[in-house]
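Hi,

Here is the structure I promised to pass on to you.

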Amino acid sequence: MRTTRRNFLKTVAAAVGGAALVKGAVEKTTNQAVAEEANLTFTPQHLDYYPPFDKWNDWKEPSGDYWKKHGGALRNGVKLINYMIVPTVCSNCEAACGLTAWVDKDEMVVRKFMGNPFHTGSRGRNCAKGYAALSQMYDPDRIPFPLKRAPGSKRGEGKWVRTTWDEALKTIGERMREVIKKAKNGDEYAKKMIMYHVGRPNYNGFQPRVVWTWGGDYHNSHTNFCSSGGRLGSITWSGDDRTSPDFANSRLIFLSSSHAADAGHYFQQHAGYIADARAKGAKLVVMDPRLSNSAGMADLWLPTWPGTEAAIFLAMASRLLQEDKYNRKFVERWFNWKTLMKDKDYLNYLKKEGIISKVPEGETFDDFISVLKEIYAPYTFEWAAEETKVPIDRLEKLYEMILWAGDRITSYFWRAQAAGNRGGWMSAGRTGNFLLALTGSIGGVGGTGWHHWHALGVGNNGGASTLKDKPKPVDAWSELLWPPEWPIAAYELSIILPHLLSDDEWRKKWEKRGLKIPDKVEVWFGRMYNPVWTNPDGFRWIETLTDENKFGLTIHMSPTWSETSWYVDYILPVGLAGERHDNQTAETKPERWTAFRQPVLRVALKKMGWKPENPARATLEAHKKVGLGEVWEDDEFWINLAWAIDPDGSLGIRQYWESKKNPGQPVTVEEWYNACFSTIPGLKKICEKMGITPYEYMRDRGAWTEETNVYNVMEREVPYDPVKKAIKVKGKWIPLSECDIDENGAVFLKHHNAKKYHSERHILAVKKDGKFLKGFHTPTGHLEYYSKTLVEFGWPEYAIPIYPRTDDQRKKWIHILSHVHHSYMNEENAFVLNPIFRLVYNIHTRSVNAKWLMEISQNHNPVWIHESDAKRLGIKRGEPVKLRVIDTLTGIETGYFVGMAMPTQAIRPGVVACSHHQGRWRVRDFVKVEGFDQGLGVMTFGSTRVNIERDGNTWKMRTVEGTIPREVKAKHHEKWLKWPYPEFNEDIKEVWWKATTGVWQNAVFPPNPDPLSGMQCWHKKVLIEKGGPDDKIGDVVVNTDATFKVYQAWRDKLTRPAPGPNGLRRPKWMPRPWYPHTDSAYRMPGTAGHSSHEE
Amino acid sequence: MENIIEMTQARINMYGFLSRLLIEEVDPFTLNKIKENEDLLELFPNTKEWEDFWEKDTMKLVEEDLNVDFTTIFILNVYPYESVFVNDEGHINPTITNPTLIFYREHGYSIDLNKTRALSPDHIGVELEFMMNLVQEELNALAREDENEVKRLREIQKKFLEEHIGNWTVPYLLAVKDIAETPFYYDVADATLEFLMSDLEYLYNLEEQPA
């Protein structure tokens, strides 16, 4: 070797003058370069380096833009920025990942958003949506001040005037005052005529508290187009509305859809934990008709026919039972089997229905197992393969993995089949959790826990900072929120709000039975909510929102334009992720963390010594001072609105928002959140040690983790005092003499014959082995294999996890048969449309204001169609395809849309898919606002301009123009205002995605509320045709008369209205969300427990 | 002593030569130099057997074969940056956090990327050029008979070979060999690999001898 080397060198030495050939990039360091380096605060060794916390207030770092312009740190020196690092929380999805805003102290702008290393859920990481928060903050199309519909113009005409926050507060406050005054005087209608309607809340507690203090039944949500189906499947098992999987320690991650791993609910955090688990050897199984990113990376892909997923869950359960491989110890301890075995009436019902052949004589656990074996014996792998259209060998593989994983199986049921199908609650959570529970994968390490074990939201707990803490429970029940037809619904029926308001027949029917249903909403607030575009039947929303007899005064709280804001009276620009206060938590792992969203420029200003003139308006003042615009935050707006509604305190509202520290003044957000965070014991303790307040801790660090490794909470003991003979629940001692105990050991209050009626129960503890344990939040304190509550509300056939196997059962159990089941696909060109899969870099209606996200997502909602199907129909890539939407219950065709075809092998034959994230539209490019000398851009780089025509009940939409590249300049003369932020928007002239931004498919969908959960059943049967010469991608044609008939049919043919036992409008143990209602409100008028003021 | 000076000059030349071949496309001037020198051709055993190398017009050979291969290898497939190979993320790290850059700075060198097309200071060509500079300094110290400085510079060379070049170029150059479509770049990769291994061995052996 040595000889070779020497020869080598000699040769070259003689042959080449190498030194003369090099490029000369390496230089001896000059003194100047050393001096430059000395200016830097740091020289990190690793990419994951984060500035030390003690330097967050003063941190110097090279300017990224400067690098880009000059070609890197090593070319022409380095410009440094003086940063203050202020924590906040991302608001682009529900995961609440930590962010830090890097505030340039010299210019008072945010230069970038990064992760927050104090946030133990997101671990300092973010997805594209988090980093894109900057492009949203300095979006050139954001609305810089409050807008009001021009006097004399009609809604939707597009005539706007600039107004002030003070004028808006006064007008809205006075209008609300009139309604609330009537409500206080006993007018039942007035208790239902204000509506706060929230889209993605991204907060825990504050705004529900606001609405609660108004005293009526005024809080609506978006949830039944989102997750009601996912929730009901979990509520009926555990009383908790969603699972909280311990992905990181799991052995088998069994996902129903791409949720969690590459899009979906707590994406980014969950995806990271899933990756951690896989690095340790875990297996990933994805059930999805689409080869999503997750499915592509999975160990096993199950391309099920949409809505048949229950067949796989039950086939697995059946095999586990037949082979005695279920987790006997867990099932015996935590299933409510004793209730089933004792209920001979129900067992006789099962016998009558042919589900079991005889009623068992004994009531032992083994008798229970025998019953289960009989019920599920027909759910074989062969049948499941036929039903789901998945090859049987994949089911065998899945079963092997289930056996291998033991009690470490995780899953998440939220959207996908739960949101796509009629009966989605059954085919997802109800049957899916059954499989998890049979394996014992509930609650332990690597298993699946529950939401409330792991969430820590305290935004509602600030009452200690105000003159009066909590209001009384609200004594009203708005049928516009909770129609009697859906007593079991997981959330408000908001998808049909315009239909209910338009349906005089329906209202009269219930008025005859003593209900008081208003035909108008006097004041409507939409917050972070875009119902026109997001909900099904958007043209019906336009028809109703523009009708001043249905909606009195309409306010849209939105930082940006949307399809909905176009049709309202006021647009109030409230803040984005770094522009408002919220407390937010999410159950992303088995621990309890909580995080603090903040208006970061306000926080930075205050830290630098700035003081607001009015402490209750500090965020608005700060945003004006730094030139962001007249952008306020929700919290301060609501507090000020409470004072505008009730200036003299006579309505009793003001006291809830009056500072205890400074009586006569509104409470400040610092006071409120300090009180909130002071209710977290661990945080309070550490703050006492550090000599700072809990508010200061959260202001500076942005996140706190109260408890880690939270497992098996149902096994935790409830304190018992043998002398008092009482148990302690939520800080109160409750004597056992006031309680009943059932056959399972469930301890509950005696009221309203709760021993008999499960719907009335309020569970306190579970007695086991002589101890009182927390158990689960169900009437039996156990996991409810058998839900007697469903029997009491008239749904006995669905009280156990079940799924139809025969044609006869499909007819009888239509309520849980998917409306896109393959038996409905009779035409050659009939397909199931999956319209609800997420794009990982978009967030529903809220990413249109992020140019970076729009750039990477443009034209990303083609119609996925299997190559064989496309070939059969003669459809080629990029061609227009017409999708005619057919309702399978009524046979009604509601309209069609034209999408762009994308033949692919990444979807199962018979199914087509089109993501719901795209297809945003505008009717005008720019708006001239009276009182301001520059036009406001309307979603110019994320939407297409459309032409809308109406002919009676038929609406037509056609794309006219795409995005608009333009030079962004400040042409107005308001020197203080940086809008439209040209410094951040030089690249808008480079917008290149001029073509389609997708098609608005939701408009063609009729409302299809699930008869039990109330969930919009999003999947659709479509007939696909090759586009004709007159069809253009983006076309939408809908008949709102047809969509209305479909809504009526789903309501009248499928639901089973309240009341349940004792006149209940819904089970007491499934309480209304947001804030408490009185016991009387829970009961229908005319029944024993109801005490109407007028009766 | 004379032998050492000769060897050191040879190392300078070799580092410079390989740096040049790896940092950007070969030019007709350099290519002709190789063609014309039999000793140098020993480094290119496969190229020597390649018909086009001799028969094709030099300019055409550069444009139609060698530049295409250079692009396929270094621009499209195996990025010649240490950060790509040593970081889990597989990204080029052109920032001041780059450990290679920190090494240069700690040892009194800065990098002016304006003089190259490299995106980041940990490009294999820049690393080889850095080695060349260190050896050049060593040669100067040898001329001054500054034994301590010679020793110090050899330590730095060894450290840089161990912690940086040696840490990634072996798998990297094997990958280049694998993907190369012309005998020329196959030989460049092979020669670099052979040289780097022998140079490290050379430095180890020197340790046992007085400077």
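Predicted model: local features only at pLDDT ≥ 70, side-chain atom pairs only at ≥ 80, totals over all residues.

**Chain B**

Chain B is built from 11 helices and one strand. Starting at the N terminus, its elements follow the order α-α-α-α-α-α-α-α-β-α-α-α. The C-alpha trace extends over about 50 × 45 × 30 Å along the principal axes. Among the contacts in chain B with a separation of 6 or more, 68% are between residues 24 or more positions apart.

**Nonpolar cores**

The largest nonpolar core holds 312 residues, and the members touching the most others are A:V103, A:V285, A:A317, A:V863 and A:V912. Its biggest contributor is helix α12 of chain A (residues 309-322), which gives 10 residues.

**A sheet in chain A**

Four strands of chain A form an open sheet in the order β25-β26-β27-β28, with antiparallel pairing. Strands β25 (739-741) and β28 (771-773) are at the edges with a single partner strand each, so one side of each has no neighbour in the sheet. From one strand to the next, the twist averages 35 degrees. Antiparallel strands β27 (residues 763-768) and β28 of chain A are joined by three bridges; A:K768 has A:K771 in β28(A) as its bridge partner.

**Backbone details worth a look**

Two cis peptide bonds are on my list:

- A:W979 to A:P980, with omega near 0 degrees; A:P980 sits in the loop between β39 (954-961) and β40 (1020-1026) of chain A.
- A:A1058 to A:P1059, with omega about 5 degrees; A:P1059 is in the segment after α36 (1040-1054) of chain A.

A:A416 has a phi of about 45 degrees and lies in the loop between β14 (409-410) and α19 (417-420) of chain A. It counts as buried because it has 31 C-beta neighbours inside 10 Å. A:M528 has a positive phi near 45 degrees and belongs to the loop between β16 (521-527) and α24 (531-534) of chain A. With 23 C-beta neighbours inside 10 Å, A:M528 counts as buried.

Best wishes

Key
Residues numbered from 1 in each chain as written. Chains lettered and ligands numbered in written order. Helix = DSSP H or I, 4+ residues; strand = E, 2+ residues; numbered from the N terminus. Contact = placed C-beta atoms within 7 Å. Core = buried A, V, L, I, M, F, W, Y, C linked by C-beta atoms within 7 Å. Buried ≥ 20, exposed ≤ 12 C-beta atoms within 10 Å, placed from the backbone. Pairing = 2+ DSSP bridges. Axes fitted to C-alpha atoms, helices over the stretch in contact; angles between N-to-C directions.
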